[in-house]
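The following exercises concern a single protein chain. Each task is followed by a solution in steps.

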Amino acid sequence: MRVSELPGRHSLFWKLACLLVAFCLLMIWLSWSWGRYMEERNQFLSDEARGTLARYAAEAEAAWRRDQRDGVDRWLQSMELREAGWVGVIDGNLQSLSRDPLNEKEIQHLTFLRGLDWPIHKKGRPWLRVPFPAEPSAGSLVIELPERFLPGKYRVFWRVITNGVIPGLFTLLLCVGLYRLLVVPLNNLREQANAWRADQLNVRLSSGITQRPDELGELARAFDSMSERLQSTVALQQQLLRDLSHELRTPLSRLRVASESEQNLLPLRERIGREVDGMQRLVEDTLQLAWLETERAPLPDEAIQIQALWEMLTENACYESCCPVGQLQCAVDASCWVRGNLNTLAQALENILRNAIRHSPVGGIVRLDGRRDGDYWHLWLEDEGGGVAEADLERIFSPFTRLDGSRPGDGGFGLGLSIARNAVQRQGGSLWAENGPSGLRLNLRLVADDSAATPDAFAGKPTPTVDMNRPQIV
């Protein structure tokens, strides 16, 4: 694996690696420390046994010092009442310090004596040699290990605990950690997917999952983003369907009245044609708005000169609306180049321009101006129509909003600014409204392009289609 392919610092890979490494180190430590402890418990004498045997050796030494062999004999007689096994006292030459000599069998046992610190591997009761505490060279206690001191009574039990139960518990803890790390978030994602299946699009994941910096956190945020997008798309489609059905009632009612009237054929035909054209524009604009709201595929972009685009749009606008050229002014110089889709940006600017022309008074000036703002161009189009109420500055971008109270189709359908905002946002920009000194000011923030070297951005490019018969009015 190359260094560039290593997971990120917050990747789930590192969490799993740390968890598994910690588990392996814990098991190694357990097998070393606990295993060594259990080995001592099962193969070596306990501290109690060593203390008792060392005390016996001290008593034997005291008896020897006090009365020599007679003292040893009396002490051995007292030991017969305390311990059931064989007990003796010998010197450095393995000779008995009591008056009773050692027999052949006892001498044979003396060749296999063990110390207190030796492991007890043999079955049965081994013989132990415990030197005198004060003067080890003077003699030693030899004793057959008492039954109660034999280590390893629960050897099988502790082997099961050491090799089975404890590793199983730690493995269970590892499984719990993996479950909390992996399965719990996946269960939450599954619950959200099931909620979508039940049309509960408002369900969101908990912040504990979405705030995770690893891949599952990214997946959770993607799920929430998809849920919000689905919810907004469904809500928009439902709203557009309700608004479209409401807007179609009026032209359909006029068509019914016209068809039932006794008008001449020519006026009736013209009336029907106007209503059908209006309904066709309404359906087309509604479908276009729905497409802009739901489509997320990137648009092909190119360098666009705003001044050239403005000249093309104002030429068509002045021709169709009989507006004098001097009323549509552009203060943006030729250095204003932006990055975007030509046809989509042309339609957005066209809708904004139509809105300004319609709401400007007779002889009112519509002015486009702008300035460079970092990596963006901030453009604004201002008319002299008096503006709108502060509470309506955001509402004018909602579909089917008409503040002038005009009938549907006569003053537009209230889709123009909504289409314009969505078109600008799809190109990485933004569109918002504010009241200027003399009228409404619509602000555009578009991505700047510094790579253009020629003054004509439209040389060799198709001219965007602009239909001035489609009024897009707030």
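**Exercise 1. The cavity**

How many cavities of 30 Å³ or more does a search of the whole structure find?

*Solution.* The model is a predicted one, in which local features need pLDDT of at least 70 and side-chain atom pairs count only at pLDDT 80 or more, while totals for chains, interfaces and linings use all residues. Residues are numbered from 1 along each chain as its sequence is written, and side-chain values use heavy atoms, with hydrogens and water left out.

Step 1. On a 1 Å grid over the protein atoms alone, a cavity is a set of points where a 1.4 Å probe fits but cannot get out; a pocket is an open set with protein on both sides within 12 Å along at least five of seven lines; lining residues have an atom within 4 Å of a point. Grid points are joined across faces, edges and corners, and a volume is the space filled by probe spheres set on the points.

Step 2. The search of the whole structure returns 1 cavity of 30 Å³ or more. The volume of the largest cavity is about 40 Å³.

Step 3. Its lining consists of Ile306, Leu345, Leu349, Leu368, Leu379, Leu444 and Leu446. Two or more lining residues come from each of helix H9 (342-359) and strand E10 (440-447); helices (H or I, at least four residues) and strands (E, at least two) are DSSP runs numbered from the N terminus.

Step 4. Sorted by class, the lining has 7 nonpolar, no polar and no charged residues. Here Ala, Val, Leu, Ile, Met, Phe, Trp, Tyr, Cys and Pro count as nonpolar, Asp, Glu, Lys and Arg as charged, and the others, Gly among them, as polar.

**Exercise 2. The second largest pocket**

Determine which element gives the most to the lining of the second largest pocket.

*Solution.* Step 1. This pocket holds about 260 Å³ of space. Its lining has 17 residues, and those nearest the centre are Leu76, Glu80, Trp86, Val87 and Asp100.

Step 2. Helix H2 (47-82) and strand E1 (87-90) are the elements that give two or more residues to this lining. H2 gives the most, with 5 residues.

Step 3. The lining of the second largest pocket comprises 8 nonpolar, 5 polar and 4 charged residues.

**Exercise 3. Two side chains and their surroundings**

Describe the polar contacts and the surroundings of serine 227 and arginine 212.

*Solution.* Step 1. Serine 227 belongs to helix H6 (residues 215-260). It is buried, at a relative accessible area of 0%; buried means under 20%, exposed over 50%, and partly exposed in between (1.4 Å probe, protein chains only).

Step 2. The side chains of serine 227 and arginine 204 form a polar contact of 2.7 Å. The term denotes a pair of N or O atoms within 3.5 Å; within protein, one must be able to donate a hydrogen and the other to accept it, and residues adjacent in sequence count only if both atoms are side-chain atoms.

Step 3. Apart from residues up to four places away in sequence, serine 227 touches Gln192, Trp196, Leu201, Val203 and Arg204, where contact means heavy atoms within 4.5 Å.

Step 4. Arginine 212 is in the loop between helix H5 (207-210) and H6. It is buried, with a relative accessible area of 13%.

Step 5. A polar atom of the arginine 212 side chain lies 3.3 Å from the backbone oxygen of leucine 181. Beyond its neighbours within four places in sequence, the contacts of arginine 212 include Leu12, Lys15, Arg180, Pro185 and Glu218.

**Exercise 4. The cysteines**

Explain why cysteine 330 and cysteine 336 are too far apart for a bond.

*Solution.* Step 1. A disulfide is a pair of cysteine sulfur atoms within 2.5 Å.

Step 2. The closest cysteine sulfur to that of cysteine 330 is in cysteine 336, 8.1 Å away, and therefore too far for a bond. The structure holds 0 disulfides.

Step 3. Cysteine 330 is partly exposed, at 28% relative accessible area, whereas cysteine 336 is buried, at 0%.

**Exercise 5. Positive phi**

Which phi values do glutamine 68 and leucine 94 have?

*Solution.* Step 1. Most residues other than glycine have a negative phi.

Step 2. Glutamine 68 has a positive phi near 55 degrees. Glutamine 68 lies in helix H2 and is partly exposed, with a relative accessible area of 39%.

Step 3. For leucine 94, phi is positive at about 60 degrees. Leucine 94 sits in the loop between E1 and helix H3 (104-110) and is partly exposed, at 31% relative accessibility.
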